[in-house]
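Good morning. I have a few minutes on one structure, so please look at it while I talk.

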Amino acid sequence: MKSFEVNFDGLVGPTHNYGGLSFGNVASQSNSQQASNPKEAALQGLEKMKALMDMGFVQGVLAPQERPDVSALRRLGFSGSDAHVIQQAAKEAMPLLVASCSASSMWVANAATVSPSADTQDGRVHFTAANLNCKFHRSIEHPTTSRVLSAMFADQQHFAHHAALPAVAQFGDEGAANHTRFCRDYGEAGVEFFVFGRSAFDSRYPAPQQYPARQTLEASQAVARLHGLSEAGVVFAQQNPAVIDQGVFHNDVIAVGNGELLFHHQDAFLNTDQMLAELHAKLRARGGNFQSISVPRDQVAVEDAVRSYLFNSQLLSRADGSMLLIVPEECRANPRVWQYLQGLTAAGGPIREIKVFDLKQSMQNGGGPACLRLRVALKETELAAVNPGVIMTPALYDTLTQWVNTHYRDALRESDLADPQLLLECRTALDELTQILKLGAVYPFQIN
Ligand code: SUG
């Protein structure tokens, strides 16, 4: 049976702004308080989705969230009408209003961890929404994420959904950004690779000193258990704490995998040789031939990787078996990274082509091409069971472009977030969006 890897890209929400909310994420911290352009951000994302569709890949869309999150502000003690809640928060606790306005759900690599049916005990595709417990503005995403994913993958014969893990730092879970899957073919059993930043219960694992390690070993293990993965199909590895301290807040900022290939920085992991050997042996037992490309630090320093987002790229398999790497413009702007990429495609290895995209609006908050997509490997029958409203088509692209042009502002500053009108604009836009994507009622304002 035919199988596919479908990229579901997060549509950027109408409140996209630079709140400086993510300690440990260099871009988010350094662009804090800049004016954003939500319209441009959403259009840049749609361009990437269209380009992949035009290249023949199956492309999907994941809806943004209702912001400001008034119910989160109510839980923090603000009361009265929605407008009053927003204005009081603006007056008394601006950082909380900014957090409740974040459009961070666009980075859907953090929405959930997904295990394809070939890997799971019950033969269904499993989803666990990520608790994103490390940052308040992201911890409020998972209830709506779960509703949206359930509306997209509703057929219980094929899809199983798990609630986010307990909302404590010990089970900090950042979803697919710390998860990669290796396989010979998307429809065959593969090896799921979970990368964690620290252990919550075992002090033998070192931890970063400066910046938080968002993903714990215990969270990764819980997700693997929930999904019914077998030991033969799982590898756990620790991220190098030293690179977390240099701004690598998710593993997808320093490594990306696809098919039988892991493309990673030399300094990405701890115990790299042992880890690569385990991946090799486990994929071999599944009939696959694991390969890795390690980018040496003397060609691309960790700092260059963090600035350019070289590894936050999409590694895609083309029909002829070769691979394509989708990178952000920032890679072309960095002479060392660009030179490395020229050499990589000329070397005759698996990666043959580089395509560059302008995703600056998202990049300035630390979100590159790979952050903006959630990969779901599906067999033909499973793809047929996905809500067709969320699969990109030329007509849907046109409709969404027009929808963005109608509803989105082209400038947003912190002071604009206090305007209750923004909430109404967001709700009007999302109400229309649920009809466009045929999602039903998924937002708090639609169900409460
Ligand atoms: O969680 N930035 C996101 C970026 C997520 C990138 N995702 C992956 N690497 N998969 C984060 O740090 C910044 C929001 C702000 O500062 O306004 C933010 O949340």
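**Ligand, backbone and a few distances**

Let me start with Ser3, which has its place in strand β1, residues 3-10. Before going on, note that this is a predicted model. Is Ser3 buried or exposed? Ser3 has a relative accessible area of 17%, and buried means under 20%, so Ser3 counts as buried. Now take Ser3 together with Ala177. These two are 174 residues apart along the chain, and their C-alpha atoms are separated by 22 Å.

Next, the ligand. Where does the ligand sit? It is in the second largest cavity. There are 22 residues around the ligand, and the ones that come nearest are Leu21, Ser22, His137, Asp252 and Cys371. What kinds of residue make up the shell around the ligand? The shell divides into seven nonpolar residues, 12 polar ones and three charged ones.

Now some individual contacts. Leu21 takes part through its backbone: an N or O atom there lies 2.8 Å from an oxygen atom of the ligand. With Asn25 the side chain is involved, and one of its polar atoms lies 3.0 Å from an oxygen atom of the ligand. Asp252 also uses its side chain, where an N or O atom is 2.7 Å from a nitrogen atom of the ligand. How much of the ligand does the protein cover? On its own the ligand has 490 Å² of accessible area, and the protein covers 100% of that.

Now the backbone. As background, most residues other than glycine have a negative phi, and most peptide bonds are trans.

The peptide bond between Arg67 and Pro68 is cis, with omega at about -5 degrees. On the structure, look for Pro68 in the loop between β2 (59-62) and α3 (70-75).

Asn271 is not a glycine, yet it has a positive phi of about 50 degrees. You will find Asn271 in the loop between β10 (261-265) and α10 (272-285). Its relative accessibility is 56%, and for this reason Asn271 counts as exposed.

Lys438 is another residue other than glycine with a positive phi, here near 55 degrees. The loop that holds Lys438 runs between α17 (420-436) and α18 (444-447). Why does Lys438 count as exposed? Because its relative accessibility is 57%, and exposed means over 50%.

Gly233 is in the loop between α8 (217-226) and β8 (234-238). Its relative accessible area is 6%, so Gly233 is buried. How far apart are Gly233 and Glu192 in space? From C-alpha to C-alpha it is 6.0 Å, although the two are 41 residues apart in sequence.

Asn31 lies in the loop between α1 (26-30) and α2 (38-54). Asn31 counts as buried because its relative accessibility is 13%.

To recap two points: the ligand sits in the second largest cavity, and the bond joining Arg67 and Pro68 is a cis peptide bond. That is the end of my part.

Technical notes: Residues numbered from 1 in each chain as written. Predicted model: local features only at pLDDT ≥ 70, side-chain atom pairs only at ≥ 80, totals over all residues. Heavy atoms only, no water. Near = heavy atom within 4 Å. Polar contact = N/O pair within 3.5 Å; in protein donor to acceptor, adjacent residues only side chain to side chain. Areas by Shrake-Rupley, 256 points an atom, 1.4 Å probe, with all protein chains shown as cover. 1 Å grid on protein atoms, 1.4 Å probe; cavity = no way out; pocket = protein on both sides within 12 Å on 5 of 7 lines; lining within 4 Å. Sits in = over half its atoms within 2 Å of the grid points. Nonpolar A, V, L, I, M, F, W, Y, C, P; charged D, E, K, R; others polar. Helix = DSSP H or I, 4+ residues; strand = E, 2+ residues; numbered from the N terminus. Buried < 20%, exposed > 50% of the residue type's maximum accessible area, 1.4 Å probe, protein only.
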